[in-house]
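Please examine the model shown here before reading on.

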Amino acid sequence: MGPLRSVVLAGGGTGGHVYPLLAFADCLRRHDPGVRITCLGTPRGMENDLIPPQGYDLRQIPAYQLPRSVNMNLVRTPGRMWTAARAAGKVIDEVRAEVVVGFGGYVSVPAYLAAWRRELPMVIHEVNVPPGVANRLGMKFTKNVAVGFPNQPSQAESLRDATVVGVPLRRAITGLDRYALRNAARAHFGLRPDLPVLFVSGGSSGARSINLAVSGAAKELARNGVQVLHVMGARNEPVPIPTDLPVPYVTLPYLSEMELGYAAADLMLARGGAMTVAEVAAIGLPTIYVPYPHSNQEQRRNALPVVEAGGGLLVDDAELTPDWLERTVVPLIRDPQRLYTMGAAAAAYGRRDGDEALRSFVLAAVAR
């Protein structure tokens with residue numbers, strides 16, 4: 001078939017849905033600058049801050065949280081959903097879309113319903129186990145399901161027949177040479193070039209338990225010559241950091257250019273969100289994962305295969321203490337050979353071609 005002329009991309013709410021959508025949009029545009037890309041979002045999601053600055057058309061439609069139990073909200077849901085689906089359908093018709101690609105989030109549901117009613121090809125991309133509720137509903141309408149990680153089809157019955165394509169990542173990540181950029185990245189943050197760096201981030205919202213543990217270990221880390229680059233999270237209250245440290249401890253509320261943090265780092269301490277796992281594995285950055293404890297454990301499932309492959313360590317949130325960090329981080333970050341081995345194992349598990357692989361999958365779905 002010829003090149004795609006018009007594509008609708010649906011995904012919103014959190015960065016885990018929006019970032020792969022944007023990376024995929026960039027891939028489509030690289031191959032064909034003339035392709036029409038229309039993104040669907042809701043008035044309240046992160047997509048409003050992330051998508052328009054990248055030059056993509058964002059159309060807002062109403063979307064409603066799907067109830068997880070049988071209650072009055074479930075009775076109201078069909079009417080609400082069809083209202084949202086009509087709005088999505090108007091956009092699909094206006095732009096004459098040839099395919100709908102959904103990345104999850106509640107805005108994906110009306111897009112899937114509208115595509116199904118029009119017998120339009122649709123593709124679902126899922127990065128979590130179990131799949132999100134929106135994508136689970138979408139899977140009732142299509143067999144074109146792609147996943148980000150090789151462990152997913154064996155971990156969820158609903159994903160048994162899915163195709164592993166990887167996670168679409170930004171070119172700033174997939175083209176990153178950590179070692180070539182290291183000194184420049186450290187200079188950017190005011191870090192010394194000659195001492196190891198621990199990069200800490202609890203995701204876009206931050207993680208208070210991680211912030212408290214690392215700040216509590218600050219003096220001992222610094223005494224052992226370990227620099228810290230610490231992204232606190234924009235929604236978190238800053239935690240106090242000792243001011244008399246002998247080596248740099250740099251704090252930031254938020255970091256949009258995560259690739260600079262990755263390049264500056266010898267070792268990372270992070271949650272286990274799917275995008276974080278995909279990015280650090282792709283670039284081969286050894287990582288200590290602290291999965292978010294108050295959920296269905298999907299972050300643990302995200303990180304565990306990388307850890308089992310030798311690319312990182314796993315610690316429960318409740319066990320992450322200043323003492324644990326001192327005992328674990330100091331000997332690890334001062335062992336370049338072990339860090340290199342872990343980084344190579346992470347890179348062997350990760351992949352940098354998720355955007356291209358998903359594009360091929362979408363083209364094949366449209367051709368069918």
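Predicted model: local features only at pLDDT ≥ 70, side-chain atom pairs only at ≥ 80, totals over all residues.

Trainee: In the open sheet of seven strands, which are the edge strands?

Mentor: The seven strands pair in the parallel sense and follow the order 3-2-1-4-5-6-7. An edge strand here pairs on one side only. The two edge strands are strand 3 (57-60) and strand 7 (163-164).

Trainee: Which residue is the bridge partner of Glu126 in strand 6?

Mentor: Strand 5, residues 122-126, and strand 6, residues 145-147, are paired in the parallel sense over three bridges. For Glu126, the bridge partner in strand 6 is Val147.

Trainee: What angle does the direction of helix 1 make with that of strand 1?

Mentor: Helix 1 covers residues 15-31 and packs on the sheet, where it touches strand 1 (6-10), strand 2 (36-41) and strand 4 (99-102). The angle between its direction and that of strand 1 is about 170°.

Trainee: At what angle to strand 5 does helix 4 run?

Mentor: Helix 4 comprises residues 108-117 and lies across strand 1, strand 2, strand 4 and strand 5. Relative to strand 5, helix 4 runs at about 155°.

Trainee: How are helix 1 and helix 16 oriented to each other: roughly parallel or roughly perpendicular?

Mentor: Two packed helices are described by the angle between their axes and the distance between the axes. For helix 1 and helix 16 (residues 354-367), the axes lie 9 Å apart and the angle is about 70°. Angles of 65 to 115 degrees count as roughly perpendicular. Helix 1 and helix 16 are therefore roughly perpendicular.

Trainee: How many residues of the contact of helix 1 with helix 16 are charged?

Mentor: Helix 1 contributes Ala23, Phe24, Cys27, Leu28, Arg30 and His31, while helix 16 contributes Asp355, Glu356, Leu358, Arg359 and Val362. In this contact, six residues are nonpolar and one is polar. The number of charged residues is four.

Trainee: How much space lies in the largest cavity?

Mentor: Rolling a probe the size of a water molecule over the atoms shows where empty space is left. Across the whole structure, the search finds one cavity of 30 Å³ or more. The space in the largest cavity is about 50 Å³.

Trainee: Which element gives the most to the lining of the largest cavity?

Mentor: The lining consists of Gly16, His17, Pro20, Phe103, His125, Glu126, Val127, Asn128 and Asn135. These divide into three nonpolar, five polar and one charged. Two elements, helix 1 and strand 5, each give two or more residues to the lining. With three residues, the element that gives the most is helix 1.

Trainee: Where is Pro130 found?

Mentor: The peptide bond that leads from Val129 to Pro130 is cis, and its omega is near -5°. Pro130 is found in the loop between strand 5 and helix 5 (133-138).

Trainee: What is the value of phi of Arg96?

Mentor: Arg96 lies in the loop that joins helix 3 (72-95) and strand 4. Its phi is positive although the residue is other than glycine, with a value near 50°.

Trainee: In the open sheet of six strands, what is the average twist from one strand to the next?

Mentor: The order of this sheet is 10-9-8-11-12-13, with parallel pairing. Strand 10 (249-252) and strand 13 (312-314) are its edge strands. From one strand to the next, the twist averages 15°.

Trainee: Which residue of strand 13 is the bridge partner of Tyr289?

Mentor: Strand 12, residues 287-289, pairs with strand 13 in the parallel sense over three bridges. The bridge partner of Tyr289 in strand 13 is Leu314.

Note on methods. Residues numbered from 1 in each chain as written. Heavy atoms only, no water. Pairing = 2+ DSSP bridges. Helix = DSSP H or I, 4+ residues; strand = E, 2+ residues; numbered from the N terminus. Contact = heavy atoms within 4.5 Å. Axes fitted to C-alpha atoms, helices over the stretch in contact; angles between N-to-C directions. Parallel < 35°, antiparallel > 145°, perpendicular 65-115°, else oblique. Nonpolar A, V, L, I, M, F, W, Y, C, P; charged D, E, K, R; others polar. 1 Å grid on protein atoms, 1.4 Å probe; cavity = no way out; pocket = protein on both sides within 12 Å on 5 of 7 lines; lining within 4 Å. Points joined across faces, edges and corners; volume = space filled by probe spheres on them.
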